[in-house]
Amino acid sequence: MEVNVSTLLQLEHNCRNSESYAELKYIIVNETRKLVSYEQAVFLAPNLNRKLKIESISDISAIDSNSSYVQCIESIVNKTIKYKEIKEPYLLD
């Protein structure tokens, strides 16, 4: 996969000009394939309990928080990170 500067700049432009948080998450998990080859991407964000929760998955329109895939990813990520590294300014509604 050939990556060039124009692809990177276009992706940055799309992110900066996204009209909503949902659109930004979509761009991050789907359009980044133009830069990096991957099977599945997930977008995680901290909740009010400072636990990372999956908010978006590439090629998936709705997240089933009860699915074993989502629960497994969230469990692994939250056991791996140090919770004190997630600070208040990064919390989103």
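## Close-up views of a predicted model

View 1. Ala45 stands opposite Lys53 in β2. The model shown here and in every view below is predicted. Strand β1 covers residues 42–46 and strand β2 covers residues 52–57. The two strands run antiparallel and are joined by five bridges. Together β1 and β2 form a hairpin, with five residues between them. Within the turn, Arg50 has a positive phi of about 60 degrees. In a regular strand, side chains alternate between the two faces of the sheet.

**View 2. The aromatic pair.** One aromatic pair turns up in a search of the whole structure. Its partners are Tyr21 and Phe43. Such a pair is described by the distance of the ring centres and the angle of the planes. For Tyr21 and Phe43 the centres are 6.0 Å apart and the planes make 75 degrees. The geometry is edge-to-face, because the angle is over 60 degrees. Tyr21 belongs to helix α2 (residues 21–30) and Phe43 to strand β1, so the contact ties together parts 22 residues apart in sequence. Tyr21 is partly exposed, at 29% relative accessible area. Phe43 is buried, at 15%.

**View 3. The nonpolar core around Val29.** Five residues make up the largest nonpolar core: Val29, Tyr38, Ala41, Phe43 and Ala45. Phe43 also belongs to the aromatic pair with Tyr21. Ala45 is the residue that stands opposite Lys53. Which residues does Val29 contact, leaving aside its neighbours within four places in sequence? The list is Tyr38, Ala41, Val42, Phe43, Ser56, Ile57 and Ser58.

**View 4. The buried residues of helix α2.** Lys25, Ile27, Val29 and Asn30 are buried in α2. The buried residues of this helix pack against α1 (5–16), β1 and β2. Lys25 has a relative accessible area of 13%; it counts as buried because that value is under 20%.

**View 5. The Glu55–Lys25 salt bridge.** A search of the whole structure finds four salt bridges. Side chains of opposite charge can pair when their charged atoms come close. Glu55 pairs with Lys25, and their closest N and O atoms are 3.6 Å apart. Glu55 sits in strand β2 and Lys25 in helix α2; the pair links distant parts of the chain, 30 residues apart. Lys25 is buried, at 13%.

**View 6. The Asp59–Arg33 salt bridge.** Asp59 forms a salt bridge with Arg33, with the closest N and O atoms 3.0 Å apart. Asp59 lies in the loop between β2 and α3 (68–80), and Arg33 in the loop between α2 and β1, so the pair ties together parts 26 residues apart in sequence. Asp59 counts as exposed, at 59% relative accessibility. Arg33 is partly exposed, at 23% relative accessible area.

**View 7. The Lys53–Glu74 salt bridge.** Lys53 forms a salt bridge with Glu74, with the closest N and O atoms 3.1 Å apart. Lys53 is in strand β2 and Glu74 in helix α3, so this pair ties together parts 21 residues apart in sequence. Lys53 is partly exposed, at 35% relative accessibility. Glu74 is buried, at 9%.

Notes. Residues numbered from 1 in each chain as written. Predicted model: local features only at pLDDT ≥ 70, side-chain atom pairs only at ≥ 80, totals over all residues. Heavy atoms only, no water. Pairing = 2+ DSSP bridges. Helix = DSSP H or I, 4+ residues; strand = E, 2+ residues; numbered from the N terminus. Phe/Tyr/Trp six-rings, centres within 6.5 Å; stacked < 30°, edge-to-face > 60°. Buried < 20%, exposed > 50% of the residue type's maximum accessible area, 1.4 Å probe, protein only. Contact = heavy atoms within 4.5 Å. Salt bridge = Lys/Arg side-chain N within 4 Å of Asp/Glu carboxyl O. Core = buried A, V, L, I, M, F, W, Y, C linked by side-chain atoms within 4.5 Å.
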